[in-house]
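Biologist: Can you walk me through this model? I'd like to start with the ground rules.

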Amino acid sequence: MSTNNFKPALVIVDLQEDFCPPNGSLAVSNGRDIIPTVNKLLDLPFVIKIATKDWHPQDHISFASNHVNKKPYVDFTTIVNPSNASETYETRLWPDHCVQGTKGAELIHELDMSKIDQVVEKGQVREVEMYSAFYDPLERPRVSDSGLAGVLREKGVTDVYCVGLAFDYCVRCTAVDAAKEGFRTFVVGEGTRAVDPSTWEEVKGELKGKGVEVVSIDGEEVARVGKA
Amino acid sequence: MSGANDQPRTALLLVDIQDGFLHPTIWGPSRSNPAFETNIKSLIPTYRQLISSTTPPTKSSPHKIIHVAHASKSTVLPLYPSKPGFAFQSFAAPLPDELVITKNVNSAFIGTDLEQVLRTHFSGKPGKLWVVGLTTDHCVSTTVRMAGNLGVCDSSEGEKGEVILVEDAVACWKKTEAFPYGADVIHAVHVDSLREFASIAKTGEVVQLWRDLIAG
């Protein structure tokens, strides 16, 4: 139930075929295990339910195949701000994934699309990586803004609940940016999985430091949404 | 001058001598063998002379030049077919009647008809295959290893032919500055390991051999 003080949004991050076993090119172990939790959340009265999609061009800079002598998962490349060569950072390289228009980029079939209000795409710009569903990491100036913050504000959203893939990459970055945008932000633990599960506690700690709590599907934060 | 029938059947394989390798930074901080270009410029014309010296009007030569081009699958890499880097370097440009084989992976045998071309050319007799080009440790190495393992130069009765790597007519890059060995060391180590698969020769002796064949 929403009141003037409590308007919760659900953001399902990158629940796409390429991030899931058995066929995903960048499958997160046990990625499909989050489906029951996600479907449970989809039945709750959030004021808006958004699904995000990593949506890359074939020549995206994060694909190891677009670099010489580089391997996915282990190698890095330097992202240079196209508008400001002095702003750079290192990003990890991945196998080709979520290429626009491919089967791998589709939201998984178990997701009930009739319950999704809006789909937000990210990662379309060739030269920049974009883990967060809000914007890319560059700031001077920012390169990509998905408009997600605007969509949430338009609905008067106060709280953002994040689930999806992967906990240590796109979910983490999306949640951090949601908190930065002033939304009270939660990650529902049973609704996400990590590329590197050994970093779970570390990521959880980092999120807490940035104002994001990892909560349980059975906890009071989720229960609050359900009090309709 | 020897007739075409007396001479061994041979082939010269030019691997990936394309403009994309002129990119100043993408392949690594430094390259081996500064004499690479000079040696290729000496080998190609001499081999072409060998071909024309043995080509009577109605028969094809026992010697065959084969150009290999690498076609990257990534649209952003220099060797992607529609990029200017895909073109052969000017001194290695094929003549109109010379065979060009295009590949997508390191081995010139995979996804191409190179094996068939060579076996047909050697006509069941033992042959010699000289391999030159770029890069020592990637496409040249993979191609030489496969040529050795496939026995492409061997006769149909199993008499051994010869795959010959011209060690000073290939080159390779040091990939990262942090790697503790220079490009020439990387080159030398790879050449040494390829002794398992091929004979190793130098440009000077190969050019001399061809000149001797031309002279009869």
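Modeller: Here is a short tour, from ground rules to single residues.
Modeller: This is a predicted model, where local features need pLDDT of at least 70, side-chain atom pairs count only at pLDDT 80 or more, and totals for chains, interfaces and linings use all residues. Residues are numbered from 1 along each chain as its sequence is written, chains are lettered from A and ligands numbered from 1 in the order in which they are written, and side-chain values use heavy atoms, with hydrogens and water left out.

Biologist: How many residues of chain A are in contact with chain B?
Modeller: Seven residues of chain A are in contact with eight of chain B. Contact means heavy atoms within 4.5 Å.

Biologist: And what area is buried there?
Modeller: About 600 Å², with carbon and sulfur atoms giving 63%. Buried area is the accessible area (1.4 Å probe) that two parts lose on being put together, summed over both.

Biologist: Which three residues supply 71% of chain A's share?
Modeller: A:Asn66, A:Val68 and A:Asn69, more than any other three residues.

Biologist: Switching to chain B. Where is B:Asp137?
Modeller: In helix α3 of chain B, residues 136-150. Helices (H or I, at least four residues) and strands (E, at least two) are DSSP runs, numbered from the N terminus.

Biologist: Is B:Asp137 buried or exposed?
Modeller: Buried, at a relative accessible area of 11%. Buried means under 20%, exposed over 50%, partly exposed in between (1.4 Å probe, protein chains only).

Biologist: What does the side chain of B:Asp137 make a polar contact with?
Modeller: The side chain of B:Lys175, at 2.6 Å. A polar contact is a pair of N or O atoms within 3.5 Å; within protein, one must be able to donate a hydrogen and the other to accept it, and residues adjacent in sequence count only if both atoms are side-chain atoms.

Biologist: Where is a cis peptide bond in chain A?
Modeller: Between A:Arg140 and A:Pro141, with omega about 5°. A:Pro141 is in the loop between β5 (118-122) and α2 (148-154).

Biologist: Last topic: what is phi at B:Asp16?
Modeller: Near 55°, a positive value in a residue other than glycine. B:Asp16 sits in the loop between β1 (9-15) and β2 (30-31) of chain B. B:Asp16 is buried, at 0% relative accessibility.
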